[in-house]
Protein chains: 2
Amino acid sequence: MTDVARGFPKAEYEDRLERAHAAMTRDDLDALVVTTPQNVRYFTGFASTFWESPTRPWFVIVPRGGMPWAVIPDIGADGFRAAFVDDIATWPAPQPDDDGISLLQAQLEALPRTSGRIGFELGREMSLRMPVLDFDQLRSDVRGLSFVDASPLIWELRLEKSEREIAAIRRACEIAGDAFEALEPTLAVGQSEHEIARTFRQMLHACGADQVPFLSVCSGAGSYRQIIVGPSERTLETGDVLFIDVGATWEGYFCDFDRNFAFGTPSAAVMRAQETLWQATEAGIAAARPGATTADLFAAMAERIEADGFDSPSTGRLGHGLGLQLTEPPSHMPDHPVVLRPNMVLTIEPGLEIAPGRMLVHEENIVVRDGGAELLTRRAPREMPVVGAG
Amino acid sequence: MTDVARGFPKAEYEDRLERAHAAMTRDDLDALVVTTPQNVRYFTGFASTFWESPTRPWFVIVPRGGMPWAVIPDIGADGFRAAFVDDIATWPAPQPDDDGISLLQAQLEALPRTSGRIGFELGREMSLRMPVLDFDQLRSDVRGLSFVDASPLIWELRLEKSEREIAAIRRACEIAGDAFEALEPTLAVGQSEHEIARTFRQMLHACGADQVPFLSVCSGAGSYRQIIVGPSERTLETGDVLFIDVGATWEGYFCDFDRNFAFGTPSAAVMRAQETLWQATEAGIAAARPGATTADLFAAMAERIEADGFDSPSTGRLGHGLGLQLTEPPSHMPDHPVVLRPNMVLTIEPGLEIAPGRMLVHEENIVVRDGGAELLTRRAPREMPVVGAG
């Protein structure tokens, strides 16, 4: 098991802050304001599952050149004391008439001002975690400041992982790998997808997972129709392929990979598709080198899939970034190419249509290194494991 | 265990839709647009953990007088076929230049038009799950429609639960109750909060939980400083009180209640605070009758806490609604009173400051019935369980 301590040292947050300051200077922003669990955690280390309650907004201001400030509900004051912030302003939330908005406005108006530009999480692959009406009011009432999109800047900061982040993702991958190994001998015909999911969740925690925010369990005769809705009450039968895709976390960092299991000896068609996907995964891993692009990654996988006479399924991409979230930029697609750089953590996720409306999907996690891809997952076996005979 | 089938019958969604249509007619809205996991599930039954991926927005339009329509990424098309929608429009997401926005705009512009008012999730205790820039563009480009806040309307629909929803919440409460009973004899001095959390998560799934989105584990000598950050690496010692607050789900519905455990015989001060909170919980349960308000509930608990010479901690309220989310309106506070009605599901959550900056908190879940509160949780024992002596 990867040897990595819980909690990052202050140096990790200092480094993030220093890079944020440089990017803010480049983009002429006086501050960032973040509202979401992952961005608040990225800048301050604050971790909680209380984000599940939608009642109260939370704000962290990262001023250009200064330490982060928290503008948060009273209930979070004590929990924030250990976070990487040098000021905590609180209000007695919930306070429906003014849930932190006038306090946030006052804090923003008190910032040292150069450009008057404040970056919020307004763009791609982000949502603002506060009522839009409050944001509309804030941007209309605030004096002398303009609110602009900081999501490209924030994603840029989060794109290349530190060694500590990579170690946390590797550990999440090892935990899920151990849990898959524990699960395999327990799989049996007659189990429902729900039973399998419950068993697998127990094993994931027994193997060390902190949380399992994402778990997809799907199955069907020889393949499956889709990969995001499930588990269901469907019962596994001989001839089925079981698909399990897991996003488990350790210290906030995700793994995101899948495994396929054949209930009884798979058909020749399934074996052929399996070999194509295993080879496409190899091609994706081999293509993941600094200087190559996400479009190259896509092409390496797609070429293998098409060379074997298959179409890709309608999942829209063949992999993506991962880290504090299950999926992060970039996306491996034919367009919008992103140049790979060392320390990007990526999924390699080829899929194919084995028959109209029926698919198979493989997935591994890697980190891009100077010499090429380093696997974070334990590579899936070339032949689909046969289970459930017992 | 509560006997309740997975998945709600079509009649459940027909009833929700009928009530939505009536509220939309009253508020003169031509449609609702929902973007969040819980509201999409509420109107359509669509359930997935793929919401963890922030990459793609999803939209469901509920037209006044018509069935819901889905406007979703290709990857969701098959999974949505079993949902309560009569039309599914898809686009090949991710498509960063236009991730569903022109498609959503076209669908909205094609709606039968009366008022031209479209309700979105813009207000209290809601966030829009899409980039704000996309929402800004949509409301600027759309022809002849105005976007207004539908969050009060949606919360009103979700406030009183159906018997099927209540059964699902009761089951979640039973599962967590069983898991607490399994956990208690395993608790021992020397365990870390993290170890306890991992053990408890395994037990929750063994007892039947689908997911455990919220789990707070905190501890300290005789009390704790806060209730939302934890588990940590802290190791339990004799004299500690361990606090565990759990939001586990069954079929999408949450329980949300806590339990306290004393490591060794508690001090007289802890015993006294425990008795006050147990009595305050009794008072809260007794006050939860149709016609009473959330302010009455608050007062019933606060009076008991203050009569015993304690202050309430800075958690901002003494309970709230629950259902598809860990916390939902209303909030039990002195102001903004909401009149209780049958079938509201509530937490009763009194807390007190046992010493400056140190708190104890109790919590049970109830459903308001004509005759008064019906407990959904197994009532916590009057005396704090003593554990860890082993």
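In the predicted model, A:Val142 is found in the loop between H5 and strand S6 (146–149) of chain A. With a relative accessibility of 8%, A:Val142 counts as buried. Leaving out residues up to four places away in sequence, A:Val142 touches A:Gln105, A:Glu109 and A:Phe147. A:Val142 and A:Leu108 are separated by 34 residues in sequence, and their C-alpha atoms are 8.2 Å apart in space.

Helix H6 (residues 151–159) of chain A was examined next. Seven of its nine residues are buried, so this helix is largely enclosed by the rest of the structure. The buried residues of H6(A) are A:Ser151, A:Leu153, A:Ile154, A:Trp155, A:Leu157, A:Arg158 and A:Leu159. Two of these, A:Ile154 and A:Arg158, are touched by A:Asn39, as are A:Val34, A:Glu121 and A:Met126, when residues up to four places away in sequence are not counted. A:Asn39 itself lies in helix H2 (residues 37–44) of chain A and is buried, with a relative accessible area of 1%.

In chain B, helix H6 (residues 151–159) contains B:Arg158. This residue has a relative accessibility of 3% and therefore counts as buried. Apart from its neighbours within four places in sequence, B:Arg158 is in contact with B:Gln38, B:Asn39, B:Tyr42, B:Leu324, B:Gln325 and B:Glu328.

Side chains of opposite charge can pair when their charged atoms come close. Over all chains, the structure holds 62 salt bridges. One of them joins the side chains of A:Arg64 and A:Asp30, at 3.3 Å from N to O. A:Arg64 lies in the loop between strands S2 (59–63) and S3 (69–73) of chain A, and A:Asp30 in the loop between helix H1 (10–27) and strand S1 (31–34) of chain A, so the pair ties together parts that are 34 residues apart in sequence. A:Arg64 is partly exposed, with a relative accessible area of 24%, whereas A:Asp30 is buried, at 3%.

A salt bridge also forms between the side chains of A:Arg234 and A:Asp240, at 2.8 Å from N to O. Here A:Arg234 is partly exposed, with a relative accessible area of 26%, and A:Asp240 is buried at 3% relative accessibility. In chain B, B:Arg379 forms a salt bridge with B:Glu364, the closest N and O atoms being 3.0 Å apart. B:Arg379 lies in the loop between strands S17 (372–375) and S18 (386–387) of chain B and B:Glu364 in strand S16 (residues 364–369) of chain B, so this pair ties together parts that are 15 residues apart in sequence. B:Glu364 is buried, with a relative accessible area of 1%. A network of salt bridges links A:Arg6, A:Asp210, A:Glu251 and B:Glu233.

The contact between the chains takes 71 residues from chain A and 71 residues from chain B. About 6200 Å² is buried between them, 55% of it on carbon and sulfur atoms. Eight salt bridges are found across this interface. B:Asp134 forms a salt bridge with A:Arg124, with 2.9 Å between the closest N and O atoms. The interface has 36 residue pairs in polar contact. By class, the side of chain A that touches chain B has 28 nonpolar, 22 polar and 21 charged residues.

Chain A can be laid on chain B with an RMSD of 0.0 Å by a turn of 180° and a shift of 0.0 Å along the axis. The two copies are thus related as by a two-fold rotation axis. In chain A, the C-alpha nearest the axis belongs to A:Gln202, 2.3 Å from it.

Methods. Residues are numbered from 1 along each chain as its sequence is written. Chains are lettered from A and ligands numbered from 1 in the order in which they are written. This is a predicted model: local features need pLDDT of at least 70, side-chain atom pairs count only at pLDDT 80 or more; totals for chains, interfaces and linings use all residues. Side-chain values use heavy atoms; hydrogens and water are left out. Contact means heavy atoms within 4.5 Å. Buried area is the accessible area (1.4 Å probe) that two parts lose on being put together, summed over both. A salt bridge is a side-chain nitrogen of Lys or Arg within 4 Å of a carboxyl oxygen of Asp or Glu. A polar contact is a pair of N or O atoms within 3.5 Å; within protein, one must be able to donate a hydrogen and the other to accept it, and residues adjacent in sequence count only if both atoms are side-chain atoms. Ala, Val, Leu, Ile, Met, Phe, Trp, Tyr, Cys and Pro count as nonpolar, Asp, Glu, Lys and Arg as charged, and the others, Gly among them, as polar. Copies are superposed by least squares on the C-alpha atoms of residues with pLDDT of at least 70 in both. Helices (H or I, at least four residues) and strands (E, at least two) are DSSP runs, numbered from the N terminus. Buried means under 20% relative accessible area, exposed over 50%, partly exposed in between (1.4 Å probe, protein chains only).
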